[in-house]
Amino acid sequence: GTCYQQAKRVLHAAVPDRLHARERETGIIRQFLREHIGGRRPGSLYVSGAPGTGKTACLSRVLLDCKDELAGSKIIVLNCMSLSSPQGVFPAVAQQLGLPAAAGREGVRRLEKQLTAQGPMVLLVLDELDQLESKGQDVLYTLFEWPRLPGSRLVLMGLANALDLMDRSLARLSAQPAGSPQLLHFPPYTREQLSAILQERLGQVAGDPVLDAAALQFCARKVSAVSGDARKALDVCRRAVEVVELEVRSQTLLKPLPGGEW
């Protein structure tokens, strides 16, 4: 494709081969999975950070990189935005485990029996975890107490925007430090980090730069001041490329034919 199509492609918020400025967080997630899945130790990890700080991308990258290490375990990834209610997480997990759907306490009991029976380790990843907040927080408490059940083979990872979800909604868990979730926070990207991400992506396009370096710096400065959201920075640059592409296309269409007249 043209350089503009190439630029738009590399600016899409897909999971890159290397996540810039997230080496520490990637390492912590990888170590957590090795200790708990590889070591057959149930446990939980709560990952917080504003949208576009790389939480889901980092986890996706680690799951891809550790595919061989995780081969013997059952991996369930659910986006809680897709559930019609917080209680909908239980039948969704049951379906992934091949259990017949059962509502209410019966369904939860059946799941608990399955997760404490002999078998491979189960990694349950719940993205947009804050969607499961409910009256009394019974859904979240039930999920985070599963890894603490005798004989549990569950490793739970929850991802959400709120830094204070544990303190606000799951205060009872911290009263029992032995079973409280490990916490990992993703800070917003800085101007320098956003600039490096944009340059790294656009550096994959052959030929002259599609967007000026000063324009990338300007975009990084503006986005870091508001949110530090990498997806927003990629989106702004992609739109800028579309504008340039349209301008170039219209100029090409309006050029007179050689030796001809308008």
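**Exercise 1. Which residues does Phe 144 touch, leaving aside residues up to four places away in sequence?**

*Solution.* Start with the list of contacts: setting aside residues up to four places away in sequence, Phe 144 touches Ser 44, Leu 129, Leu 156, Met 166, Leu 170, Leu 173 and Pro 181. Keep in mind throughout that you are working with a predicted model.

The relative accessible area of Phe 144 is 0%, and buried means under 20%, so Phe 144 is buried.

Finally, pick one partner and compare positions. Phe 144 and Ser 44 are 100 residues apart along the chain, yet their C-alpha atoms are separated by 7.0 Å.

**Exercise 2. Is Glu 200 buried or partly exposed? Find its contacts too.**

*Solution.* Begin by finding Glu 200 in helix H9, which covers residues 191-202. Its relative accessibility is 34%. Buried would need a value under 20%, and exposed a value over 50%, so Glu 200 counts as partly exposed.

Now look for partners. If residues up to four places away in sequence are not counted, Glu 200 touches Arg 18 and His 20.

Glu 200 and Leu 184 are 16 residues apart along the chain, and 26 Å separates their C-alpha atoms.

**Exercise 3. How many of the residues of strand E1 are buried, and which strands pair with E1?**

*Solution.* Go to residues 43-49, the span of strand E1. Seven of the seven residues there are buried, so E1 is largely enclosed by the rest of the structure.

Then take each face in turn. On one side you find Gly 43, Leu 45, Val 47 and Gly 49, and on the other Ser 44, Tyr 46 and Ser 48; all are buried, and both faces of E1 are covered.

Turn to the pairing. E1 pairs with strand E4 (residues 154-160) in the parallel sense, over six bridges. Within this pair, Val 47 is opposite Leu 159 of E4. E1 also pairs with strand E5 (residues 182-186), again in the parallel sense, over five bridges. Here you can see Ser 48 opposite His 185 of E5.

**Exercise 4. Where are Arg 40 and Gln 137 found, and what are their phi values?**

*Solution.* Take Arg 40 to begin with. Its phi is positive, about 50 degrees, although Arg 40 is not a glycine. You will find Arg 40 in the loop between helix H2 (23-38) and E1. Arg 40 has a relative accessible area of 49% and is partly exposed.

Gln 137 belongs to the loop between strand E3 (122-127) and helix H6 (138-145). With a relative accessible area of 14%, Gln 137 is buried.

**Exercise 5. Which residues of helices H3 and H4 are buried, and what do they pack against?**

*Solution.* In helix H3 (residues 55-65), the buried residues are Lys 55, Cys 58, Leu 59, Arg 61, Val 62 and Leu 63. These buried residues of H3 pack against H2, E1, E2, E3, E4 and E5.

Move on to helix H4 (residues 89-96), where Val 89, Phe 90, Ala 92, Val 93 and Ala 94 are buried. The partners of the buried H4 residues are strand E2 (74-79), helix H5 (104-115), E3 and H6. Follow the chain beyond H4 and you meet Gly 98, with a positive phi near 75 degrees.

Definitions and conventions. Residues numbered from 1 in each chain as written. Predicted model: local features only at pLDDT ≥ 70, side-chain atom pairs only at ≥ 80, totals over all residues. Heavy atoms only, no water. Buried < 20%, exposed > 50% of the residue type's maximum accessible area, 1.4 Å probe, protein only. Helix = DSSP H or I, 4+ residues; strand = E, 2+ residues; numbered from the N terminus. Pairing = 2+ DSSP bridges. Contact = heavy atoms within 4.5 Å.
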